[in-house]
Amino acid sequence: MIRVLTVASEIFPLIKTGGLGDVVGALPRALGAAGASTTTIVPGYPAVLDQLPDAVAVHHFTDLFGGPADVLRCTAASLDLLVVDAPHLYARAGNPYLGADGLEWPDNGIRFAGLGAAAAAVGTGSVPGLAFDIVHAHDWQAAMAVVYLRFHDGARPGTVVTVHNLAFQGRYPASLFPRLGLPDSAFSLNGMEYHGDVNFLKGGLSYADRITTVSPTYAREITGVENGMGLDGLLRYRAGVLSGIMNGIDDTVWNPATDPLIPARYARARLGKRAANKAVLQRRMGLDESPNALLVGVVSRLTSQKGLDMLLDRLDDLAADGIQLVLLGSGEPELEQAFVSAAEWHLGAVGCVIGYDEALAHLIQAGSDALLAPSRFEPCGLTQLYALRYGSIPVVSRVGGLADSVIDANEAALAAGVATGIQFWPATPEALGDALHRLLSLWRDRPAWEQMQRNAMAADVSWRGPASRYVALYRSLLADRS
Ligand code: ADP
């Protein structure tokens, strides 16, 4: 077994604000089956400390950036955890990153340097009986672990940084640097200096033995100016150690055959049962209860990244074609308002719920005929993976993980019987409209449609493949270092 210390700022089910928490929570079990054991080190937020049974202190810092700290060890939710109990850094109610005013905690730099320093200490053997081959850091909040390991005297484990969202980098004024306890050389062009500031993610990307991101296409895209968020030059320089590994989904939570959140459960061989979910969804969203209307669903944050303004642009055309739309989302107020107005304008054809609703998200996957994700960029994307699993045909822009997970229903794919959805490009209202017209003509060819549904549901979107890719990456890294 390869021994991995995973460093992360959230882990499902203990603390989660987004997809990062899901990934960090789901990977250990899948990695275990593929040949790597995982211990995960996370900050001791109150929400985490409240859920720890029988935690034992295994290491003490007399001063971890301004106060004493303990590293606690325990098992919770079948996860082997190390928790950095540092009240001066983490004993704050609410969101892990933001204060009650919705702004970042002013000392986030120090808070996550603390996580990194604690992880580096544990990774280099500070806890008797705990040794690691690999330290795997997720996103900027964990990236400092790699920086501290780079400047550690003596042997260190191999290091991996995974980027879930390049838009967030942990950038702070240069005045933070002297407090980080690093040699001056770390604050350089080849290290964590970025336009005169300190940049945590850049430090991790500069010093990691391997860099991964959450889809192969996104791994390529971020080496370009358009999607590189200012770090494309560095990522091009490090392209030899950069790769993309798709996320999986938790196929026990997202399984139409057992899902307790949907009215009618079904499987690939019993697709007829989906119709009952469609009827419930239409009723719930105030749509005409027509089994023959093509029903397109959206479950999304409403931000410009997700491209839903392009959908607004096409709504009149869709309604004229008899296509129905249901949308569940929340985000930018103008987009929220525009969809509410659209639902009033297209009564019976467009339904929308503004807010966050886990059960409705499941019903949309189980009851819609197609699931739309027209993102302008998308590191991995999860909703299209759930859609595949639920037999809702994904219609996606050809970017990032969307491009990597959907087989477009072009002539060749249809002839070979392998299509699972529709891709379009560029991300424009016109191309989106064309894609929905293609979808409508497929809908009218019911045998072809059902074949596509069966293909979609047969696609492997579990963690098994990704986990074995991570283990292969760890093995190659360790081979390079031996
Ligand atoms: P991102 O992480 O960029 O928001 P992803 O597609 O990777 O996009 O993940 C989004 C996750 O959040 C999915 O699990 C999706 O079902 C869920 N989600 C997004 N918006 C809502 C909502 N309004 N209600 C319920 N679930 C939502």
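## The second largest pocket

The second largest pocket has a lining of 17 residues, and those nearest its centre are Arg274, Ala275, Lys278, Asp369 and Trp443. A pocket here is an open set of points on a 1 Å grid over the protein atoms alone, where a 1.4 Å probe fits, with protein on both sides within 12 Å along at least five of seven lines; lining residues have an atom within 4 Å of a point. The model is predicted: local features need pLDDT of at least 70 and side-chain atom pairs pLDDT 80 or more, while totals for chains, interfaces and linings use all residues. Numbering starts from 1 along each chain as its sequence is written, and side-chain values use heavy atoms, without hydrogens and water.

The space in this pocket is about 290 Å³. Helix H9 contributes five lining residues, the most of any element; H9 and helix H17 (446–458) each supply at least two. Helices (H or I, at least four residues) and strands (E, at least two) are DSSP runs, numbered from the N terminus. The lining divides into six nonpolar, five polar and six charged residues.

Strand S14 (residues 324–331) has six buried residues out of eight, where buried means under 20% relative accessible area (1.4 Å probe, protein chains only). S14 pairs in the parallel sense with strand S13 (residues 295–302) over eight bridges; pairing requires at least two DSSP bridges between two strands. Glycine 331 of S14 is the bridge partner of leucine 302. From S13 the chain passes through helix H10 (residues 308–320) to S14 in a right-handed β-α-β crossover.

S14 also runs parallel to strand S15 (residues 350–354), joined by five bridges. In this pairing, leucine 328 is opposite valine 353 of S15. A right-handed β-α-β unit is formed by S14, helix H11 (residues 333–345) and S15. Right-handed means that, with the strands pointing away from the viewer, the path from the first strand over the helix to the second runs clockwise.

## Helix H12

Eight of the ten residues of helix H12 (residues 358–367) are buried, including Leu360, His362 and Gln365. Among the elements covering the buried residues of H12 are S13, S14, S15 and H9.

## Asparagine 247

Asparagine 247 is in the loop between strand S12 (242–244) and helix H9 (274–284). Asparagine 247 counts as buried because its relative accessibility is 10%. Beyond its neighbours within four places in sequence, asparagine 247 contacts Val23, Val214, Cys380, Leu385, Trp463 and Pro466, with contact meaning heavy atoms within 4.5 Å.

Methods. Buried < 20%, exposed > 50% of the residue type's maximum accessible area, 1.4 Å probe, protein only. Points joined across faces, edges and corners; volume = space filled by probe spheres on them. Nonpolar A, V, L, I, M, F, W, Y, C, P; charged D, E, K, R; others polar.
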